[in-house]
Protein chains: 2
Amino acid sequence: MPEIKNIVVIGAGNVGTRMAMAFQEAGCRIAQVAGRREAAVRDLASRSGAAQTLDFGNVLKHQDLYLLALPDKAMKEILPNLGLSDELLVHTSGSVPMEVLSDYSVNTGVFYPLQTFSTNRQVDMKEVPILIEANRIDNEDRLLSLAHKLSRKVSVADSKRRQRIHIAAVFASNFSNHMYVLARKLMEGNDFDYDMLAPLIKETASKALEMGPDNAQTGPAKREDDEIITQHLELLKDDPALQEMYRLITKSIINQNKA
Amino acid sequence: MPEIKNIVVIGAGNVGTRMAMAFQEAGCRIAQVAGRREAAVRDLASRSGAAQTLDFGNVLKHQDLYLLALPDKAMKEILPNLGLSDELLVHTSGSVPMEVLSDYSVNTGVFYPLQTFSTNRQVDMKEVPILIEANRIDNEDRLLSLAHKLSRKVSVADSKRRQRIHIAAVFASNFSNHMYVLARKLMEGNDFDYDMLAPLIKETASKALEMGPDNAQTGPAKREDDEIITQHLELLKDDPALQEMYRLITKSIINQNKA
């Protein structure tokens with residue numbers, strides 16, 4: 001079973017870029033970058049010394065791995081154009097089942113990094129959990145072997161398991177980040193300096209990691225301080241969506257107190 | 001105007017404990033700890049070498065500062081028992097107006113640390129923003145001077161301003177932490193290891209601090225990936241409260257995309 005060396009990265013967004021960089025650091029070669037957004041493709045191809053194409057019909061054949069790093073919808077549009085047959089084809093999505101690939105190659109899998117990526121932000125890939133799935137045991141072995149070159153935290157997870165973990169990740173990352181977005185909106189809407197919240201954001205995450213989030217919870221909802229909760233809801237009355245969010249999360253924290 | 005040296009701390013919970021420790025490190029003396037929970041009062045009194053009482057009628061008179069670190073409701077119950085007249089009396093709440101103190105002393109103020117505290121967790125108080133309010137300029141000067149001994153980030157904020165900042169802090173800290181709690185619930189409910197999310201939680205906070213939370217946002221709602229959102233809502237159908245939370249925050253992220 002030859003190891004994976006030459007990789008075609010399809011999609012030059014946050015995930016495609018960070019994975020390409022990580023593969024390269026692990027000694028792989030990025031053979032080609034394919035994507036729809038010209039500037040992003042050019043940028044990633046130049047960073048990784050790879051060939052590039054905007055035409056998915058021109059994707060190189062017979063490479064060791066084809067890594068799809070595209071949103072759900074784009075993936076479905078692009079797959080029929082790739083013209084692969086037995087090349088190892090994987091996607092990087094937490095929630096898309098492996099089966100969507102089965103019409104496009106006989107060797108398929110999933111290579112899901114459990115992290116939030118931004119194009120220009122380096123991450124320590126060694127600490128990023130990578131969840132692997134494959135349609136055959138030999139493909140699984142090849143993907144596991146590649147994943148171990150990148151990360152210390154590799155495991156196998158089927159599509160159902162990966163979906164559940166993805167939902168948890170949405171709460172832990174996308175939704176917690178959105179709470180910062182709303183906090184910023186509240187601060188700046190009142191002409192306050194958002195940076196004032198920086199030590200609080202930092203400490204909240206550190207506490208949750210070190211004490212566990214249940215032990216770390218503080219605030220009016222945790223204390224079930226009805227007067228303050230009522231006052232906050234009243235102050236949010238000009239923004240009904242934000243008020244509704246405050247009400248729902250507060251209720252959820254109070255329910256958790258009882259659990 | 002004599003500087004504040006001898007401090008009575010009323011309330012031996014998270015805030016009372018961390019503030020007492022910080023005052024002591026700044027060279028102040030904790031004269032007495034008063035509170036309702038015997039074990040907590042004893043513990044803080046012993047840590048700070050202070051006298052202690054469970055009877056609010058026995059609070060020492062004529063000290064330089066009385067710091068109330070109590071929930072809203074408890075504060076109102078306890079204030080009439082203190083028997084102060086002109087001693088400098090402050091509370092530490094983000095949302096309680098300074099005026100609640102005005103019947104209990106002629107010298108009042110607020111000393112609000114913008115941070116999440118837990119009894120046994122040290123924080124770098126130098127980085128904690130402290131918001132000061134006082135009923136008279138001489139009291140403000142005394143509180144500012146004390147606050148500057150603790151922190152590099154001291155400012156004056158009236159009750160209305162402080163309330164708004166407190167709501168933003170609830171989103172940035174209490175609500176983001178609750179997202180971690182829900183993520184943990186989702187992981188453990190499926191027998192997955194919650195620690196798998198640790199690198200994600202760490203990176204999410206770091207990204208938001210370094211790039212700003214708007215630039216840092218990722219995920220299905222940010223991409224408006226309707227198929228994945230629909231799939232997640234379907235997978236959450238056995239927990240209607242969680243499903244509703246997912247729906248509402250997703251909608252809020254999508255609205256933010258348009259802003």
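**Note on the predicted two-chain model**

1. Strand β1(B) is mostly covered, with four of its five residues buried. Buried here means under 20% relative accessible area, exposed is over 50%, and partly exposed lies in between (1.4 Å probe, protein chains only). Helices (H or I, at least four residues) and strands (E, at least two) are DSSP runs, numbered from the N terminus.

2. On the basis of the note: this is a predicted model, in which local features need pLDDT of at least 70 and side-chain atom pairs count only at pLDDT 80 or more, while totals for chains, interfaces and linings use all residues. Residues are numbered from 1 along each chain as its sequence is written, chains are lettered from A and ligands numbered from 1 in the order in which they are written, and side-chain values use heavy atoms, with hydrogens and water left out.

3. β1(B) belongs to an open sheet of eight strands in chain B, ordered β3-β2-β1-β4-β5-β6-β7-β8 with mixed pairing. Two strands pair if DSSP finds at least two bridges between them. The edges are held by β3 (51–53) and β8 (154–156) of chain B; each has a single partner strand, so one side of each is left without a neighbour in the sheet. From one strand to the next the twist averages 25 degrees. Axes are lines fitted to C-alpha atoms, for helices over the stretch in contact, and angles run from 0 to 180 degrees between N-to-C directions.

4. What does β1(B) pair with over five bridges? Its partner there is β2 (residues 29–34) of chain B, in the parallel sense. N6(B) has R29(B) as its bridge partner in β2(B), and I7(B) stands opposite I30(B). β1(B) also pairs with β4(B), again in the parallel sense, over four bridges; V8(B) stands opposite Y66(B) in that strand.

5. Together with helix α1 (residues 14–25) of chain B, strands β1(B) and β2(B) make a right-handed β-α-β unit. Right-handed means that, with the strands pointing away from the viewer, the path from the first strand over the helix to the second runs clockwise.

6. In chain A, eight strands likewise form an open sheet, in the order β3-β2-β1-β4-β5-β6-β7-β8 with mixed pairing. Five bridges join β1 (residues 6–10) of chain A to β2 (residues 29–34) of chain A, and these strands run parallel. V9(A) has V33(A) as its bridge partner in β2(A). Helix α2 (residues 38–48) of chain A packs on the sheet, touching β1, β2 and β3 of chain A, and its direction makes about 170 degrees with that of β2(A). Contact means heavy atoms within 4.5 Å.

7. How are the two chains related? Chain A can be laid on chain B with an RMSD of 0.0 Å by a turn of 180 degrees and a shift of 0.0 Å along the axis. That is the relation of a two-fold axis. The superposition is by least squares on the C-alpha atoms of residues with pLDDT of at least 70 in both copies. S176(A) comes closest to the rotation axis of the residues of chain A, at 2.2 Å (C-alpha). The copies meet through the same surface, because 100% of the interface residues of chain A are also interface residues in chain B.

8. The largest nonpolar core has 80 residues, and those with the most contacts inside it are F171(A), L197(A), F171(B) and L197(B). Such a core is a set of buried Ala, Val, Leu, Ile, Met, Phe, Trp, Tyr and Cys residues joined through side-chain atoms within 4.5 Å. Not counting residues up to four places away in sequence, L197(B) touches L114(A), A168(A), A169(A), A172(A), A183(B) and M187(B). A second, separate core of 35 residues includes L44(B), L67(B), F117(B) and L146(B).
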